[in-house]
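Please look through the sequence and the 3D structure shown here before reading on.

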Amino acid sequence: MINLIFLPIVLPLLASVIAALLTKKIKITRLFSQITSVVFLIFVGGLAFYIFQNGSIVGQAGGWAAPYGISIVGDPLAILLVLTTNIIGTAAIFYAPRILEEKQERFYFYALYFLLIAGVSGAFMTGDLFNLFVFFEVLLMASYGLIVLGNGKAQLRESFKYVLFNLFSSMLFIVSVAYIYAITGTVNLAHLAERVETVEQQGVLTAVGMILFFVFAVKAAVFPLYYWLPNSYVVPNPVVSALFGALLTKVGIYSIIRVYTLIFVHETAITHSIFIWLAMFTMLFGVIGALSTHNVKLIVTYNIIPAVGFMLMGIGLYTPEAIAGSVYYLMHDMVIKGALFFLIGALVIAAGTKDLRQMSGVIQKYPLLGWVFFIASLILAGVPPFSGFIGKILLLEGGLRQEEFLLVIVALLSSLLILLSMMRIFVYGFWGELMDGLSNERKRIRQLTIPGVVLVGLAIFLGIGAEFVYPQIESISNMLYERTDYISSVLKE
């Protein structure tokens, strides 16, 4: 059973190679990718069920025991996020043939997709800091290929910006890992959690920890390091935007959660208070960006940023309730962002424009698309009883208990503004008089809507079915807060 924990990473890598070899036979490549994605999802679902029932699975590559070998850790948090990744990826692989041009599919879209899934899954499951860097590079290489999948001038410009910022942060990442290894003599996360308590150079270690946070903050688009994100996520094809919006920033925020609840937990008065202020600014500036544009895709993209602020809020508060809120919100946001990008892609095809000022009455011809988008907007804003509300209520409770009243006010205000930004699309784009030039591709629009319907249905379950989901999130939160279970399972103490 232990060796199975490597498969969520190895299988997508193998599928990527096969898809690259089949890419000239596009129909076979599509069918292979869809069947393979469904099989992977079923496998990861079964693995997740086993882990939640029986506890973490830790694999040691080559039989080398931690901390000397490469550890792959299937703890409940990692496997939950890998499962969510595969759900979104499976929805994307059925969405892709309806939204991509055939020439884009032939330029290795499916190979790059599987490589992205492997990199994201590896980042969630790796047990050491250096291999977190390696899997970051794997997913970034895939994203570099996906973001340039097109030939527009704006796309090339934003692609260059995206690559430049990520290369700079990757350079800082490897430097930080080198400093941490020099100070502690290890890069294994569980071993680091033990070693940092005995290090004499606590001030230096805290400084290195903040450099590492800077790296993750760039990846996660935390204020003020988010300015590279909006246009970079708008210019690609909608299916690529959906994968980026649902997965890539979440790897950055996951890394912050993992590292700053496991390793850097001894100077929380310094680090976590900074997180709280950054969370507030991230919420506010993100939602201001969403309100400042008439590009419907850009509105959804900007709403990635305040969600990052909410997740960072729980890490800054650093209580079991607040951490549970961050984990719940992380899972919820992965699902709902994927759904919204799918739905916006369908809306743009239906209306023939991204400009909200040129849209109206779309719901009259495409009622399913309109009403599903309306429900998705409520879920995103955290209207009860949906999943966004569950995560936010846990975060707000943690803020009130810590007497962070300004943070709570900013969080509530941001939620209202998020709802306002999304309702602008519904009121002006879907409502009103039927616009001229609306697409007649009813079958295609319906096919583009269905993956969004599936993910919105899952988001509804995460809210209405919270009594089934929350106990698992609570156990994950307690594991993160206490740390001992993770350390002992990796080091076999």
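Predicted model: local features only at pLDDT ≥ 70, side-chain atom pairs only at ≥ 80, totals over all residues.

Residues are numbered from 1 along each chain as its sequence is written, and side-chain values use heavy atoms, with hydrogens and water left out.

The chain holds 22 helices and two strands. Here helices (H or I, at least four residues) and strands (E, at least two) are DSSP runs, numbered from the N terminus. The chain is as compact as a globular protein of its length, because its radius of gyration is 21 Å, close to the 23 Å that the globule rule gives for 493 residues. That radius is taken over C-alpha atoms, and the rule is 2.2 Å times the number of residues to the power 0.38. Along its principal axes, the C-alpha trace spans about 70 × 55 × 45 Å.

How many of the 493 residues count as buried? The share is 62% of the chain, where buried means under 20% relative accessible area, exposed over 50%, and partly exposed in between (1.4 Å probe, protein chains only). The chain exposes about 18200 Å², and carbon and sulfur atoms supply 67% of this area. Accessible areas come from the Shrake-Rupley method with a 1.4 Å probe; for residues, only the protein chains shown count as cover.

A contact means heavy atoms within 4.5 Å. As for charge, the mean positions of the 28 positive and 25 negative charges are 17 Å apart. Lys and Arg count as positive and Asp and Glu as negative, while His and the chain ends are not counted; the place of a charge is NZ of Lys, CZ of Arg, CG of Asp or CD of Glu.

The two strands come next. Strand β1 (residues 57-60) and β2 run antiparallel and are joined by four bridges; two strands pair if DSSP finds at least two bridges between them. Within this pairing, Ile-57 has Gly-74 of β2 as its bridge partner, and Gly-59 has Ile-72. In a regular strand the side chains alternate between the two faces of the sheet. From β1, Ile-57 and Gly-59 point one way and Val-58 and Gln-60 the other, and all are buried. Strand β2 (residues 71-74) is likewise covered on both faces, with Ser-71 and Val-73 buried on one side and Ile-72 and Gly-74 buried on the other.

Leaving out residues up to four places away in sequence, Ser-414 touches Met-283, Leu-284, Val-287 and Phe-310. Ser-414 and Met-283 are 131 residues apart along the chain, yet their C-alpha atoms are separated by 6.1 Å.

Leu-284 is in helix α12 and is partly exposed, at 24% relative accessible area. Apart from its neighbours within four places in sequence, Leu-284 is in contact with Val-410, Leu-413 and Ser-414. Leu-291 is also found in helix α12 (residues 268-291), and at 28% relative accessibility Leu-291 counts as partly exposed. With residues up to four places away not counted, Leu-291 touches Leu-417, Leu-420, Ser-421 and Arg-424.

The last stop is the backbone in the loops. Most residues other than glycine have a negative phi, and most peptide bonds are trans. In the loop between α9 and α10 lies Ala-221, whose phi is near 65°, a positive value in a residue other than glycine. Ala-221 is buried, with a relative accessible area of 0%. Pro-224 is found in the loop between α9 (202-220) and α10 (229-234), and a cis peptide bond with omega of about 0° joins Phe-223 and Pro-224.

Another cis peptide bond, with omega of about 10°, joins Pro-384 and Pro-385. Pro-385 has its place in the loop between α17 (367-381) and α18 (387-401). Tyr-318, in the loop between α14 (304-317) and α15 (320-351), has a positive phi of about 55° although it is not a glycine. At 15% relative accessibility, Tyr-318 counts as buried.
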